[in-house]
Amino acid sequence: MEPVDGIAFIGRNPLDSDNVFIATGDSGQGMTHGTIAGMLLTDLLQGRKNAWEDLYSPSRITLRAFTEYAGENINVAEQFADYVTAGEIQSPNELKPGTGAIMREGLSKLAVYRDEGGVVHRYSAVCPHLGCVVAWNSTEKTWDCPCHGSKYRADGRVYQGPANSDLTSA
Ligand code: FES
């Protein structure tokens, strides 16, 4: 899971027994949060105070977080409008080698990539996580999902979740 404020949930599991602790919501910062969790949870288990307890508390709710949560969900809703809009290109012929773009084909949106050798690769542009339409990232040469941050290599292979499967060939 990815908390709206980008800060992990580390501490007592809300609405659970006092001896149940969690560490989750790493948002791509697992190495850092894992270390913090080791220190923070050790203190909590030993009954010691820890200056980070409130910051990482799984029970925290901040106004900022709520505002961003609402905004994020509006953002997700807006992303689904991509299903009915036109593509960025009409034909793969418009792609230079090493570039990708979204193309409409009938009712489908395709993620189309032309590799450096000129070969065209076509994938469904629908993110396998929860169905948003991915976008070409020309800087990193990846397909990025605007909804929850999944990333796919130009050849459609997933390399950053929350999606756990590749874009499907089309
Ligand atoms: S729909 Fe969730 S990451 Fe793409």
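Is K151 buried or exposed? K151 is buried, because its relative accessible area is 14%; buried means under 20%, exposed over 50%, and partly exposed in between, with a 1.4 Å probe and protein chains only.

Before I go on, a word on the source. This is a predicted model, in which local features need pLDDT of at least 70 and side-chain atom pairs count only at pLDDT 80 or more, while totals for chains, interfaces and linings use all residues. Residues are numbered from 1 along each chain as its sequence is written, and side-chain values use heavy atoms, leaving out hydrogens and water.

Back to K151, which belongs to strand β8, residues 151–153. Strands here are DSSP runs of E with at least two residues, numbered from the N terminus. The side chain of K151 makes a polar contact with the side chain of D144, at 3.1 Å. By polar contact I mean a pair of N or O atoms within 3.5 Å; within protein, one must be able to donate a hydrogen and the other to accept it, and residues adjacent in sequence count only if both atoms are side-chain atoms. Leaving aside neighbours within four places in sequence, K151 is also in contact with residues including N137, W143, R157 and Y159, where contact means heavy atoms within 4.5 Å.

Now the sheet around that residue. Four strands form an open, antiparallel sheet in the order β6-β7-β8-β9. The edges are β6 (135–137) and β9 (158–160), each of which pairs on one side only. Two strands count as paired if DSSP finds at least two bridges between them. From one strand to the next the twist averages 35°, using axes that are lines fitted to C-alpha atoms and angles from 0 to 180 degrees between N-to-C directions.

Strand β6 is joined to β7, residues 142–144, by 3 bridges, and W136 has W143 in β7 as its bridge partner. In the loop between β6 and β7 sits K141. Its phi is near 55°, a positive value in a residue other than glycine. K141 is partly exposed, with a relative accessible area of 37%.

Past β9 comes the segment that holds P162. A cis peptide bond joins G161 and P162, with omega about 20°.

Last, another pair of strands. Antiparallel strands β3 (residues 99–105) and β4 (residues 108–114) are joined by 7 bridges, with A101 opposite V112 in β4. Their hairpin has 2 residues between the strands, and G106 there takes a positive phi near 65°.
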